[in-house]
Amino acid sequence: MTSAGKAAVPPPVLLVTGVSGSGKTTIGSLLAGRLGWEYAEADAFHPAANIAKMAAGHPLTDEDRWPWLDAIGAWIDAVGVKGRPGVVTSSALKRVYRDRLRAGRPQVRLIFLDVDRDTVARRLTARNGHFFPPELLDSQFADLEPPTADEHPVRADVKGEPLAIVEKLIRAEHLEAVEAAHGSAQSQGGIGA
């Protein structure tokens, strides 16, 4: 508790959201690396059954996603306990998913990667070795509920060079790098979403 009697808010965690192929892994990992913040890729939290289902061309249901979202939330909590800022990616397509990830976590700041369907389709077609097939793209856009103003999202147009996008986000959000004494970002591996 602080001297005012309120619990201190943990350092910020950026929740980088958008459809599969929007650039979450690229932007999220670059942000974390540039700032020296903790990083986690949402795909690393999927149970094997979810990955198999998507690889077979079947979209996930809400029931499939709840344990995955809760695992991401647990990572956010663990980073807060360590007193570290972080960056985590998650499609978080629906408002209810974002609400679940932000519930009781005032440190979570939402970054929405705004991208059109044609750009994503080109990226997914060119992407090799990922379990998410391009055929599921329409299900992503069908489920997508773009963040509304009351969620206070930062909308990032992801056209252009990723490093330029990251630098713009850092300036716009007044994000600060962790001092070198605290070490570099700790990465949780995973495959791009």
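This is a predicted model: local features need pLDDT of at least 70, side-chain atom pairs count only at pLDDT 80 or more; totals for chains, interfaces and linings use all residues.
Which residues in H1 meet which residues in H7? I looked that up before anything else. Thr 26, Ile 27, Leu 30, Leu 31, Arg 34 and Leu 35 are the H1 side, and they meet Pro 162, Leu 163, Ile 165, Val 166, Glu 167, Leu 169 and Ile 170 in H7. Contact here is heavy atoms within 4.5 Å. By class I get 10 nonpolar, 1 polar and 2 charged residues for H1 with H7 (Ala, Val, Leu, Ile, Met, Phe, Trp, Tyr, Cys and Pro count as nonpolar; Asp, Glu, Lys and Arg as charged; the others, Gly among them, as polar).

Residues are numbered from 1 along each chain as its sequence is written, and side-chain values use heavy atoms, with hydrogens and water left out.

Confidence next (pLDDT is the predictor's confidence in each residue, from 0 to 100). The chain averages 83, and 81% of the residues score at least 70. I flagged residues 180–193, where pLDDT stays under 50 and the model has 42 contacts beyond four places in sequence.

Back to H1 (residues 24–35) and H7 (residues 162–173): they pack at about 60°, axes 9 Å apart. Axes are lines fitted to C-alpha atoms, for helices over the stretch in contact, and angles run from 0 to 180 degrees between N-to-C directions. Helices are DSSP runs (H or I, at least four residues), numbered from the N terminus. The two are therefore oblique to each other (under 35 degrees is roughly parallel, over 145 roughly antiparallel, 65 to 115 roughly perpendicular, the rest oblique).

Then I checked H3 (residues 62–81) against H4 (residues 95–102), which pack at about 30° with axes 9 Å apart. That angle makes H3 roughly parallel to H4. On the H3 side the contact includes Trp 66, Leu 69 and Ile 72, and on the H4 side Val 96 and Tyr 97 are among the residues. I noted 7 nonpolar, 1 polar and 4 charged residues there.

Trp 66 and Tyr 97 sit edge-to-face, 5.6 Å centre to centre with 85° between the planes (Phe, Tyr and Trp rings, the six-membered one for Trp, pair if their centres lie within 6.5 Å; planes under 30 degrees apart are stacked, over 60 edge-to-face, the rest tilted). Trp 66 lies in H3 and Tyr 97 in H4, so the pair ties together parts 31 residues apart in sequence.
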